[in-house]
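I set out to record what could be looked up in this structure. The entries follow in the order in which I made them.

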Amino acid sequence: MVEDETILSKIYKGDKEVHMVKKNLENFLRQFDEAFYCSEEELQRQIDEEMKEEGFKEGFDSGFNEGLNKGLNEGRDEGSKQEKIKLIKAMLKMDGITKEQISKLTGFTIEEIENL
């Protein structure tokens, strides 16, 4: 077997495709051996590790989505507030509209309106 490998190595020396195939085959065989010839404890450890990784991914995705939604909602709220402020400033320039009326229409306090 060793002699065959030596001969084959000499024949295919420098052939990148053969080298890549050989490397992939060795990797596949190693993974196969690890999967099918490991102890029950090792198999359970691998399963536990995969479950932890999946749990982390699910937790990350959930947290990311929750944070994204919170950020979008805060952004919408802030945008809505800015639009109200523009509207209030325009109303303040109009004749016949009091700060009290603006407060009732927009939900802003008179103090908040005066501070604009």
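**Charge and overall form**

I counted 18 positive and 28 negative side chains in the protein chain, with the centres of the two sets 10 Å apart. I note that the model is a predicted one.

I next listed the secondary structure. The protein chain holds five helices and zero strands, and its elements run α-α-α-α-α from the N terminus on.

I then looked up the dimensions. The C-alpha trace spans about 105 × 40 × 15 Å along its principal axes. The radius of gyration of the protein chain is 34 Å, whereas a compact globule of 116 residues would have one near 13 Å.

I checked burial and surface. Buried residues account for 7% of the 116 residues.

**Salt bridges**

I asked how many salt bridges the structure holds. The structure has three.

The entry for Glu-26 shows a salt bridge with Lys-22, in which the closest N and O atoms are 4.0 Å apart. Both residues lie in helix H2, four residues apart, which is about one turn of the helix. I recorded Glu-26 as partly exposed at 45% relative accessibility, and Lys-22 as partly exposed with a relative accessible area of 43%.

The entry for Glu-83 gives Lys-86 as its partner, with 3.7 Å between the closest N and O atoms. This pair lies in helix H3, three residues apart, again about one turn of the helix. Lys-86 is exposed, because its relative accessible area is 56% and the cut-off for exposed is over 50%.

I then turned to Lys-99, whose side chain meets that of Glu-114 in a salt bridge (3.7 Å, N to O). Lys-99 belongs to helix H4 (residues 99–106) and Glu-114 to helix H5 (residues 110–114), so the pair ties together parts that are 15 residues apart in sequence. Lys-99 is partly exposed, with a relative accessible area of 34%.

I looked up which residues make the nonpolar surface patch of about 680 Å². They are Leu-25, Phe-28, Leu-29, Phe-32, Phe-36 and Tyr-37. Of these, I placed Phe-28 in helix H2 (residues 16–36).

Last, I looked up Glu-58, which is found in helix H3 (residues 40–92). Is Glu-58 buried or exposed? Glu-58 is exposed, with a relative accessible area of 55%. The C-alpha atoms of Glu-58 and Lys-16 are separated by 40 Å, and the two residues are 42 residues apart along the chain.

How values were computed: Residues numbered from 1 in each chain as written. Predicted model: local features only at pLDDT ≥ 70, side-chain atom pairs only at ≥ 80, totals over all residues. Heavy atoms only, no water. Patch = residues over 30% accessible without salt bridge, like charges linked within 9 Å, V, L, I, M, F, W, Y side chains within 5 Å. Areas by Shrake-Rupley, 256 points an atom, 1.4 Å probe, with all protein chains shown as cover. Helix = DSSP H or I, 4+ residues; strand = E, 2+ residues; numbered from the N terminus. Rg over C-alpha atoms; globule rule 2.2 N^0.38 Å. Buried < 20%, exposed > 50% of the residue type's maximum accessible area, 1.4 Å probe, protein only. Lys, Arg positive; Asp, Glu negative; His and termini not counted. Charge placed at Lys NZ, Arg CZ, Asp CG, Glu CD.
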